[in-house]
Amino acid sequence: MTKKILLINGPNLNLLGMREPETYGSQTLADVEALCRSHAEAKGMMLDCFQSNHEGVLVDTIQQSRGVYSHIVMNPGAYTHTSIAIRDAIIGVEAKVYEVHISNVYEREEFRHHSYISDIAIGTVVGKGIPGYLQAIDFIAEMAEG
Ligand code: CA2
């Protein structure tokens with residue numbers, strides 16, 4: 001069965017390419033989404049994209065992925081470090097979640113060192129820039145079905 005990926009980006013990632021290029025690069029969110037979609041399609045998978053700045057909307061979106069998506073690639077942004085609600089939503093769906101961080105959170109402020117997502121994710125990539133999203137997609141492509 002074709003793997004169906006939902007790419008979810010959390011708060012402030014709609015600003016990609018517009019500010020802080022030294023930390024987050026110069027590609028816009030639209031660039032990143034198009035890159036991820038074509039990368040997934042080249043590997044025989046399909047990928048949809050979603051971004052929100054709102055915790056509850058992200059929880060709703062994760063819940064609604066049930067029965068539609070086999071995998072989620074998610075950069076939860078700052079909610080990584082705060083959101084038990086997003087953690088619980090991930091635990092509640094069958095889709096397997098791969099966590100992505102553009103920057104190396106372990107080389108930044110201490111409050112970014114803890115993730116509520118990492119221990120329930122199938123994998124985590126940090127500090128690889130935008131190619132980290134492609135690494136997540138590659139991992140999913142190579143995963144055994146089921
Ligand atoms: O490194 C990452 O991908 C983060 O998830 C990004 C979050 C941050 O709170 C996490 O600790 C690590 C922040 C996203 C902010 O995105 C921006 C993008 C461009 C310009 C300004 C902010």
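Where is the place of Ser65? In this predicted model, Ser65 sits in the loop between α3 (55-64) and β3 (71-75). The briefing covers that residue, then the nonpolar cores, then the cavity.

**Ser65**
- Ser65 has a relative accessible area of 1%, so it counts as buried, the cut-off being under 20%.
- Beyond its neighbours within four places in sequence, Ser65 contacts Leu6, Ile72, Val93 and Ala95.

**Nonpolar cores**
- In soluble globular proteins, nonpolar side chains tend to be buried together.
- The largest nonpolar core here holds 21 residues.
- Ile5, Cys36, Leu47, Val73, Val100, Tyr133 and Ile137 have the most contacts inside this core.
- Two or more residues of this core come from each of β1 (4-9), α2 (29-42), β4 (96-101) and α5 (131-142).
- The most come from α5, which gives five residues.
- Val73 touches Ile5, Leu6, Leu7, Ile8, Tyr98, Val100, Tyr133, Ala136, Ile137 and Ile140, with residues up to four places away in sequence not counted.
- A second, separate core has 17 residues, including Val59, Ile62, Ile86 and Ile90.

**Cavity**
- Rolling a probe the size of a water molecule over the atoms shows where empty space is left.
- Searching the whole structure turns up one cavity of 30 Å³ or more.
- The volume of the largest cavity is about 40 Å³.
- Its lining consists of Thr80, His81, Glu99, His101, Val105, Tyr106, Arg112, His113, His114, Ser115, Ser118 and Val126.
- By class, that lining has seven polar, three nonpolar and two charged residues.

Notes: Residues numbered from 1 in each chain as written. Predicted model: local features only at pLDDT ≥ 70, side-chain atom pairs only at ≥ 80, totals over all residues. Heavy atoms only, no water. Core = buried A, V, L, I, M, F, W, Y, C linked by side-chain atoms within 4.5 Å. Buried < 20%, exposed > 50% of the residue type's maximum accessible area, 1.4 Å probe, protein only. Helix = DSSP H or I, 4+ residues; strand = E, 2+ residues; numbered from the N terminus. Contact = heavy atoms within 4.5 Å. 1 Å grid on protein atoms, 1.4 Å probe; cavity = no way out; pocket = protein on both sides within 12 Å on 5 of 7 lines; lining within 4 Å. Points joined across faces, edges and corners; volume = space filled by probe spheres on them. Nonpolar A, V, L, I, M, F, W, Y, C, P; charged D, E, K, R; others polar.
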